[in-house]
Amino acid sequence: MWRFLGRRFVQMLITLLLFQAVTYFLIDAQPGDIADLLTLDPNIPPAERERLRAQLGLDRPPAERFITYIGNFYRGNLGVSFQEYPRPVIDIIKERLPRTVVLFLTASILSFWTGFVTGKILAWRRGGWIEYASTITGVTLYTVFTPWFALMMIWLFAVALNWLPAGKFLDPLKWLDAPISANAVFARMIWSSFFALVIVFVGFWFSNRVPRRQRLVLRAASLLVPLVGMLLYWRLSGLGFYAWDIARHLILPVLTVTLIAYGGTMLLTRTSMLETLREDYVLTARAKGLPDKVVRDKHVARNALLPVWTGLVFSLGNSVSGGIITETIFSWPGIGLTLLNSALVADIPVAMGTLTVVGVMTLISHLIADIGYAFLDPRIRYH
Amino acid sequence: MTKPLLSVENLTMHYTTRGGEVAAVDDVSFSLHEGEALGLVGESGCGKTSVAMSILRLLPDNARILGGQIWLGDLELLSLPEPEMQKVRWGRISMIFQAAMNSLNPVYRVGDQIIEALELHWGDISRQQARERVAELYQLVGLDPALMDRYPHEYSGGMRQRAVIAMALACNPDVIIADEPTTALDVIVQDRILKRLTEIQKKIGMAMIYISHDIAVIAEVSHRVGVMYAGKLVELANTVNIFERPLHPYTAGLMASIPSIHGEKRDLVTLGGEPPNLLHPPSGCRFHPRCARATGICIEQEPPFQDYGNGHYAACWHPMEVDYGSH
């Protein structure tokens with residue numbers, strides 16, 4: 001296993017290097033550079049433009065600049081933003097990456113879980129209007145044009161019903177006299193939710209190992225304890241008001257991304273379940289006298305999980321790049337929006353930094369997929 | 001005669017398909033006594049497996065049981081509520097499936113799949129006891145108990161077959177239905193497994209229904225043989241009688257089509273024609289279009305399933321020979 005991981009790490013590094021090379025030259029191939037954009041004013045003499053170019057290193061040939069960039073990158077220096085000069089790129093990523101990860105990780109997990117559970121049940125109860133309705137809903141969500149759907153969601157929840165804010169990360173008017181910065185509040189939100197989730201998972205995992213009578217009590221406790229803990233924490237710290245403002249802004253984009261991803265997961269689970277149902281070992285399980293629910297969850301769903309798992313992990317990898325559309329429509333200041341803005345103004349260090357994050361996330365999620373396979377399917381082993 | 005362990009009475013089962021009703025099992029009756037091995041033989045699609053699936057009530061959604069009763073002791077299985085039926089499955093009637101190669105779930109250890117059945121039907125059994133029981137079963141079928149912690153893909157075809165047999169034996173069922181258990185295996189492995197199966201059957205004394213299209217295999221393992229044709233049981237007798245004096249022309253045809261390596265060289269006799277389309281079964285005796293002895297009555301009326309003495313039953317208007325004297 002360790003040898004596999006080691007070899008895999010080297011492969012990932014090589015892939016990343018190739019990825020960086022391709023993206024660097026593609027961004028550089030855009031006509032014009034940031035110096036042109038910053039000196040659009042006709043009163044600025046051309047010499048000044050050349051001086052700016054030389055200062056940013058843009059007068060060097062692309063190959064030389066790429067080698068300098070890569071050299072600095074692997075020494076931990078991602079450069080400074082051209083547009084927000086002299087802000088370090090790493091700062092920008094540190095600020096925006098958590099926002100994107102929270103948005104898409106939450107949506108991915110939610111859509112995966114709901115899609116898997118409903119797909120499983122739908123495959124089991126076939127026929128009738130439920131099957132038609134859910135299949136049509138699934139296909140609609142799976143194929144819908146994302147920007148249109150996101151706009152419709154904004155129209156419905158933010159305009160027509162006026163329940164949720166239409167976009168952005170927070171409402172600036174509420175933060176005028178905030179004691180700490182929005183990023184600090186957001187970081188606390190991430191950590192507290194993480195600990196709460198860990199408690200829930202450990203509680204549920206442990207509840208399967210105790211006698212049935214204590215099971216419900218333990219499960220209720222593992223839900224209530226983190227919930228009460230969260231409420232107390234935000235109440236006592238006095239930051240609850242600000243955390244709620246960010247959370248409110250998070251709901252609509254999470255809901256939209258969840259719904260779009262849900263359709264595919266649900267349909268995939270359903271198809272995968274229907275295929276697995278035809279297997280002989282499912283008949284054996286029924287012949288053994290196992291109740292329907294056990295046959296479904298233990299024997300069918302467990303085998304049907306594999307392709308769905310692939311879908312989940314790949315969607316995690318693609319979430320950052322796919323998020324460009326969502327983040328733009330919801331004005332969510334994450335990595336996707338940053339990437340789009342920096343690419344538009346040829347802010348090469350920021351564009352490269354964010355694209356590298358996309359590449360690294362994709363590589364990591366594929367690694368997680370492969371490790372997950374080994375856990376899910378005993379036939380898959382790595383050497 | 002003692003009360004039979006399992007008796008199937010006038011079982012009729014149809015499949016509803018896009019083309020219409022398929023009469024897969026039509027008015028089939030037979031019984032199985034304690035310690036007995038009954039063979040069911042017939043061409044593919046004659047309804048052998050459908051009979052087995054009706055007994056366990058594991059039929060697909062498009063199947064409908066139109067009539068008949070299945071008695072397991074004093075229990076009538078067809079009218080049993082589903083939770084009760086779940087106790088009967090594997091607890092009292094277990095099955096070795098046609099595609100035994102794929103009857104093990106690939107993601108669980110083989111031993112755990114047997115333990116799953118034990119824990120379900122024997123309830124208060126500790127993990128350690130269950131593992132000991134699996135080890136015992138593995139020895140019985142000729143497998144190394146150390147293999148129980150391996151996954152199905154680490155087993156060879158013959159080993160998987162043995163594990164499936166061990167699983168079928170796990171809860172000491174009254175009846176085991178073996179549906180073509182050795183069809184997917186090569187002849188040598190097939191022979192070894194059949195020998196082991198008959199040994200176990202004698203040793204434990206359980207009753208068994210053995211389903212196969214291979215009449216040689218049936219001859220080797222069963223005490224009595226039922227011959228099925230187009231959803232009907234056409235002949236039922238003990239193994240010696242059915243081989244030595246078949247009454248139904250179809251049975252006679254089956255016997256004649258077995259090549260023999262002993263005795264004189266003879267031409268292999270084959271049955272002409274094709275198995276009937278069960279969407280539109282032939283009138284009267286379903287075998288009449290392929291039967292050399294068919295006359296007018298065979299086309300018009302269904303022959304009754306009657307006793308020719310010695311427990312030899314057949315459904316034919318013109319049986320091959322009647323030498324039991326009672327008729």
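A salt bridge is a side-chain nitrogen of Lys or Arg within 4 Å of a carboxyl oxygen of Asp or Glu. Keep that rule at hand for this tour.

What you have open is a predicted model, where local features need pLDDT of at least 70, side-chain atom pairs count only at pLDDT 80 or more, and totals for chains, interfaces and linings use all residues. Residues are numbered from 1 along each chain as its sequence is written, chains are lettered from A and ligands numbered from 1 in the order in which they are written, and side-chain values use heavy atoms, with hydrogens and water left out.

**Stop 1: where the chains meet**

Show chain A and chain B together. 20 residues of chain A are in contact (heavy atoms within 4.5 Å) with 23 residues of chain B. The two chains bury about 2,100 Å² between them, and 60% of it is on carbon and sulfur atoms. Buried area here is the accessible area (1.4 Å probe) that two parts lose on being put together, summed over both.

Now select A:A287, A:K288 and A:P378. These three supply 29% of the area that chain A buries against chain B, more than any other three residues.

How many salt bridges does the rule find across the interface of chain A and chain B? It finds two. Select B:E116 and A:K298 next. Their side chains meet in a salt bridge, at 3.1 Å from N to O.

**Stop 2: helix α11 of chain A**

Select residues 280-287 of chain A, which form helix α11. Helices (H or I, at least four residues) and strands (E, at least two) are DSSP runs, numbered from the N terminus. In this helix A:Y281, A:V282, A:T284, A:A285 and A:A287 are buried. Buried means under 20% relative accessible area, exposed over 50%, and partly exposed in between (1.4 Å probe, protein chains only).

**Stop 3**

Select A:L277, A:R286, B:L59, B:P60 and B:D61. Of the 27 residues that line the second largest pocket, these lie nearest its centre. A pocket is an open set of points on a 1 Å grid over the protein atoms alone, where protein lies on both sides within 12 Å along at least five of seven lines; a lining residue has an atom within 4 Å of a point.

This pocket holds about 950 Å³ of space. Grid points are joined across faces, edges and corners, and a volume is the space filled by probe spheres set on the points. Elements that give two or more residues to the lining are α5 (89-124), α10 (240-277) and α11 of chain A, together with α1 (48-56), β4 (63-72) and α2 (82-91) of chain B. The lining divides into 14 nonpolar, three polar and 10 charged residues. Ala, Val, Leu, Ile, Met, Phe, Trp, Tyr, Cys and Pro count as nonpolar, Asp, Glu, Lys and Arg as charged, and the others, Gly among them, as polar.

**Stop 4: a cavity in the model**

A cavity is a set of grid points where a 1.4 Å probe fits but cannot get out. A search of the whole structure finds one cavity of 30 Å³ or more. The largest cavity has a volume of about 70 Å³. Select B:C285, B:C291, B:A294, B:C298 and B:C316, the closest to its centre of the 13 lining residues. That lining has nine nonpolar residues, three polar and one charged.

**Stop 5: salt bridges within a chain**

Over all chains the count comes to 35 salt bridges. Start with B:R290 and B:E43, whose closest N and O atoms are 3.3 Å apart. The two are 247 residues apart: B:R290 is in the loop between α9 (249-256) and α10 (296-300) of chain B, and B:E43 in the loop between β3 and α1. Is B:R290 buried or exposed? B:R290 counts as buried because its relative accessibility is 15%.

Move to B:D112 and B:R127, at 2.8 Å from N to O. B:D112 is in helix α3 (residues 110-122) and B:R127 in helix α4 (residues 127-141) of chain B. B:D112 is partly exposed at 25%, and B:R127 is partly exposed at 43%.

**Stop 6: a glycine in a loop**

Finish at B:G35, in the loop between β2 (20-32) and β3 (37-41) of chain B. B:G35 is partly exposed, with a relative accessible area of 29%. Beyond neighbours within four places in sequence, B:G35 is in contact with B:Q201, B:G205, B:M206, B:A207 and B:H223.
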